[in-house]
Amino acid sequence: DTGVSQNPRHKITKRGQNVTFRCDPISEHNRLYWYRQTLGQGPEFLTYFQNEAQLEKSRLLSDRFSAERPKGSFSTLEIQRTEQGDSAMYLCASNRTQGGEKLFFGSGTQLSVL
Amino acid sequence: AQKVTQAQTEISVVEKEDVTLDCVYETRDTTYYLFWYKQPPSGELVFLIRRNSFDEQNEISGRYSWNFQKSTSSFNFTITASQVVDSAVYFCALTLSYGQNFVFGPGTRLSVLP
């Protein structure tokens, strides 16, 4: 188990720029999740994939956000035309296809929009 | 819809004191899973325990214990003889057996002072 890997760890960008984050889940995990966490809050669900299929998206995920998992392995989360309100920690997690299976989290990508 | 409440925003204790972190959940489903995660200052969420809705037995793991009571929809976490290394934010979370959206509470920040 190499764990869930996220890159970059930190990203500073100017408002209006596009950013992309990458997540590499644990290799045998076919489910992959994106969460967003702001200071003093719990993780908020954004979206999740089973293999390459995006099965659920939160209402939090505006049309400026897009996530992909093209080959059912790594995933990318892109934010277009970033806004200051997008500043947060973006967390990736993975688990196996089994009801109630625990999530394994990455260290997150901290986004700061100036 | 599911909801998790952690009424205690912050708790401070002196080392060696016992401390209980409260978690109250809401769901209409009869089959669900409850979790506790720890988020130390490094930021990565660490799994502590999982409980399914059919198993109300309390669990003890070293200095940690969990009290699950369906009658009050609570899943409380007690740390006995707290240590400075226990200082972290603790999250309670809920997921259904068929849905994959994990709902997290807002977290309780625990500070253990030497």
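A disulfide is taken here as a pair of cysteine sulfur atoms within 2.5 Å. The model is a predicted one, and a search of the whole structure finds 2 disulfides over all chains. They are set out below.

| Disulfide | S to S distance | Torsion about the S-S bond |
|---|---|---|
| A:Cys23 to A:Cys92 | 1.9 Å | about -70° |
| B:Cys23 to B:Cys92 | 2.0 Å | -65° |

In chain A, the torsion about the S-S bond of A:Cys23 and A:Cys92 is about -70°, so this disulfide is left-handed. A:Cys23 belongs to strand E3 (residues 19-24) of chain A and A:Cys92 to strand E9 (residues 88-95) of chain A, so the pair ties together parts that are 69 residues apart in sequence. Both A:Cys23 and A:Cys92 are buried.

In chain B, the link of B:Cys23 and B:Cys92 is likewise left-handed, with -65° about the S-S bond. B:Cys23 is located in the loop between strand E3 (19-21) and strand E4 (24-26) of chain B, while B:Cys92 lies in strand E10 of chain B, so the pair ties together parts that are 69 residues apart in sequence. B:Cys23 has a relative accessible area of 0% and is therefore buried. B:Cys92 also counts as buried, because its relative accessibility is 0%.

The backbone nitrogen of B:Cys23 is reached by the side chain of B:Asn76 at 3.0 Å. B:Asn76 itself is part of strand E9 of chain B. Leaving aside neighbours within four places in sequence, the residues in contact with B:Asn76 include B:Cys23, B:Trp36 and B:Trp66.

A second residue of chain B, B:Asp86, occupies the loop between strand E9 (74-79) and strand E10 (88-96) of chain B. B:Asp86 is buried because its relative accessible area is 1%, where buried means under 20%. A polar atom of the B:Asp86 side chain lies 2.8 Å from the backbone nitrogen of B:Gln83. Beyond its neighbours within four places in sequence, B:Asp86 is in contact with B:Lys38, B:Arg63, B:Tyr64, B:Ile79, B:Leu110 and B:Val112.

Chain A also holds an open sheet of 4 strands in the order E1-E3-E8-E7, with antiparallel pairing. Strand E1 (5-7) and strand E7 (65-68) of chain A are the edge strands, each pairing on one side only. From one strand to the next, the twist averages 15°. E7(A) and strand E8 (residues 75-79) of chain A run antiparallel and are joined by 4 bridges. A:Phe65 stands opposite A:Ile79 in E8(A).

Notes
Residues are numbered from 1 along each chain as its sequence is written. Chains are lettered from A and ligands numbered from 1 in the order in which they are written. This is a predicted model: local features need pLDDT of at least 70, side-chain atom pairs count only at pLDDT 80 or more; totals for chains, interfaces and linings use all residues. Side-chain values use heavy atoms; hydrogens and water are left out. Helices (H or I, at least four residues) and strands (E, at least two) are DSSP runs, numbered from the N terminus. Buried means under 20% relative accessible area, exposed over 50%, partly exposed in between (1.4 Å probe, protein chains only). A polar contact is a pair of N or O atoms within 3.5 Å; within protein, one must be able to donate a hydrogen and the other to accept it, and residues adjacent in sequence count only if both atoms are side-chain atoms. Contact means heavy atoms within 4.5 Å. Two strands pair if DSSP finds at least two bridges between them. Axes are lines fitted to C-alpha atoms, for helices over the stretch in contact, and angles run from 0 to 180 degrees between N-to-C directions.
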